[in-house]
Amino acid sequence: MLRAGVLGRGLAPHRLARYNRLPLHRLAPHRRYSSQAGDAAAEPANVRNIGIIAHIDAGKTTTTERMLHYAGFTRRMGSVDAGDTVMDFLPAERERGITIQSAAITFGWKGAQIHVIDTPGHVDFTVEVERAVRVLDGAVAIVDAVAGVQAQTQTVWRQAARYGVPRVVFINKMDRAGADWPRAVADVERRLRARALVLVEPEIEKPAAAQYSNAELRCWLDAVSMERVAFDLAADASGATVTRHALAPGTPAYARAAAARARLVDALAAVDAPIVDAFLAADGDAARVPAADVRAAVRRATCASQACPVLLGAAARNVGVQPLLDAVVDYLPSPAEVQPPAGVATGDSAALVAFAFKVLVDAQRGPMVFVRVYAGALEPRMALVNASQGVGERAARLLQMYGGEPQPIARIGAGHIGVVLGLRHTRTGDTLLGARHASLAGARPAAARERSVLHELREGPAAAAPVGLRLHGIRVPAPVFFCAVEPETPSDERPVAAALAALLLEDPSLHVTHDRETGQTLLSGMGELHLDVVRDRLRRDLRVNAAFGPMRVTYREMAARPAAAAHDYAREIVGRPARAGVGVAVEPCDVDENVVEFAEPRALAAAGNAALAADAPQRAEVLAAVGDGVRSALLGGPLLGFPVVRTRVRVTSVAYYDGESTAAAFRACARQAVLQALATARTALLEPLARIAVECPAAGVGAVLADLSGARSGRVLALDDADAGAKLVSAEVPLSAMLGYSSRLRSLTAGAGSFSLQVVGFGPMTQQQQDQVVKESRGY
């Protein structure tokens with residue numbers, strides 16, 4: 001058990017690094033050989049901030065490795081299977097062969113400076129995608145040519161759409177047996193609801209699901225330039241040699257490219273008026289429309305998020321990556337073309353506005369804060385104001401990340417992404433302003449209190465006093481799995497506390513809470529894999545001795561029936577009386593969020609020597625404090641301490657005592673009144689429900705369906721065809737039934753099945769199920 005006294009001492013974020021004993025992993029074989037990358041000072045018009053997004057195993061990291069090699073960044077291409085990639089540098093990433101955390105890198109391509117963020121594809125690490133797309137101007141969505149658009153592809157696509165990020169689609173793995181590019185393009189249009197602009201096609205048309213040989217993959221047709229693009233894999237297996245030749249009219253290749261150009265112009269005509277004029281000027285012959293006009297139309301449609309270019313390739317075979325890089329430069333917007341956030345002034349004399357979207361804790365350097373600069377410029381030793389926290393900061397040094405290898409730079413200009421050292425109180429989602437920003441006129445940043453992250457979790461966060469302009473933050477989903485974590489010996493308490501605090505600073509989707517009834521410290525995350533990775537990092541990377549309890553899911557509580565309660569608060573604090581009275585009524589409601597209501601003004605006059613009339617000057621302050629107390633009580637229900645949802649709370653009476661009632665007294669009184677009412681109402685548990693997509697061979701679909709609908713109490717929603725010989729099962733299942741499902745699915749399908757899931761909400765439980773959960777949680 002972690003003692004509160006240990007957790008509360010001397011663990012402020014800027015001191016966490018001394019407990020993180022491993023530095024960021026340096027990759028000696030991978031060095032920057034290209035001179036095009038430069039530092040973060042290029043003109044915004046020549047910058048591209050892009051992310052690589054996709055479902056797990058679609059080929060994101062493999063594609064990024066080819067980009068780095070062709071740009072001259074690396075001498076050789078890393079391999080996910082060999083565990084020597086630049087972007088996946090964590091030991092856990094290399095062992096598992098998946099991306100766990102987003103990684104940034106910068107390189108040059110054809111006069112442009114490209115900042116790339118490679119993101120995870122597993123649903124457990126969705127928050128890494130969320131904070132990446134929050135600061136990007138464009139994205140490359142990779143689709144598996146065999147599997148088509150998969151569940152997590154749809155999730156990351158929606159995330160990018162929510163932030164208005166233009167996208168280019170790269171249909172990868174065209175070399176695989178079962179690759180079907182017409183179906184993959186149709187999938188993009190149907191499942192992603194996107195207007196696909198197919199820019200390239202294989203020169204040889206193959207039957208559906210037929211495999212392309214090396215020779216057949218070497219030549220592609222560019223529908224924009226009407227050229228044959230040849231990848232000379234025989235002379236250069238790395239795929240670095242790419243040649244372009246104009247197609248001769250009258251040849252089969254020209255006819256195939258002309259048909260592709262006609263489809264492209266037709267798709268563009270639906271969203272771009274200038275291309276229609278160019279088409280008419282060419283006497284209705286799409287093949288005669290100048291390539292520059294087609295390219296400009298594709299760029300306009302892409303930057304406006306009205307359509308998305310689609311390219312094809314096979315990154316593992318070193319085919320198609322250079323045209324993809326060309327498309328990034330040609331079709332995705334620069335920071336200069338993107339509308340700045342509301343309230344941000346741009347221009348040469350603009351004051352600094354930056355957004356912190358990621359934090360890493362390094363042993364030698366301390367917290368490394370990843371920022372996107374929207375206006376002004378960030379320089380070393382610059383005085384800053386954290387507008388979200390209302391505290392002053394100072395940038396010590398600036399870095400640019402190359403996977404796991406940082407390099408010092410002199411400046412981070414507008415439109416660029418970089419890393420800042422020396423920020424002691426900045427966390428993910430905070431806004432950083434220059435000390436002379438106009439919105440700070442008259443504001444005085446407060447001195448930050450030295451409190452640990454875990455101390456804030458136990459005692460409540462320090463009251464932030466935001467100042468000035470603040471950009472909208474990052475949406476972090478609520479955790480759905482948790483387990484208990486305890487130090488193995490009393491001497492391990494402080495290292496475990498510091499390690500957990502460091503992980504919380506890095507990962508906003510990770511939560512640590514303290515169960516006051518059992519004395520346990522509970523670690524909550526997004527899924528089994530997420531918590532499994534955290535356990536590995538604590539034990540191996542951070543080298544702390546901790547014991548972990550079994551994996552469990554998080555539930556919610558709701559009022560089972562209407563109830564009412566009134567509480568009178570009367571205490572003496574530091575020799576001064578503090579009094580308040582609050583009456584509340586609770587009842588279940590149909591909406592997922594809680595509803596807090598106040599009675600009419602005249603009904604809020606209760607016992608005491610003063611009434612809270614509608615025009616009383618203290619009324620607003622009192623009701624705000626009461627509302628804070630009500631919401632505080634709903635954070636943990638009386639049954640098992642899970643958050644309370646779907647509950648309406650009505651404040652029926654408030655007693656105000658002149659000279660004795662304070663805001664703190666009303667907060668405490670309201671909290672106790674709500675807890676008493678919930679105890680009377682006897683809260684019921686709600687369990688999380690997950691929507692699951694299982695892909696398996698047709699021979700194993702019967703066993704999968706029987707397992708989902710039987711042992712796991714699931715509800716099958718659909719059974720569809722996937723690729724050749726496979727089936728896709730969609731179902732809704734209680735999340736608790738999915739614990740250990742990976743092993744079970746391998747057993748049912750002889751290792752050929754895979755699945756993805758997403759939590760979609762909470763549903764009621766039977767009384768027998770609830771009693772079982774309560775018994776398992778309490779131990780009696």
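The model is predicted: local features need pLDDT of at least 70, side-chain atom pairs count only at pLDDT 80 or more, and totals for chains, interfaces and linings use all residues. Residues are numbered from 1 along each chain as its sequence is written, and side-chain values use heavy atoms, with hydrogens and water left out.

Aromatic rings, then. Searching the whole structure gives 5 aromatic pairs. Rings of Phe, Tyr and Trp (its six-membered ring) pair if their centres lie within 6.5 Å; planes under 30 degrees apart count as stacked, over 60 as edge-to-face and the rest as tilted.

Take Phe357 and Phe370. Their ring centres are 6.1 Å apart and their planes meet at 65 degrees, so this pair is edge-to-face. Phe357 is buried, at 2% relative accessible area, and Phe370 is buried too, at 5%. Buried means under 20% relative accessible area, exposed over 50%, partly exposed in between (1.4 Å probe, protein chains only).

Next, Tyr656 and Phe666. Here the centres lie 6.3 Å apart and the planes are at 5 degrees, so the pair is stacked. Both Tyr656 and Phe666 are buried. Elsewhere, one aromatic cluster is formed by Phe482, Tyr555 and Phe642.

Some rings have a charge over them. That applies if NZ of Lys or CZ of Arg is within 6 Å of the ring centre and within 35 degrees of the ring normal. The charged end of Arg134 sits over the ring of Phe355, 3.9 Å from its centre. Arg535 lies over the face of Phe548, with 5.9 Å to the ring centre.
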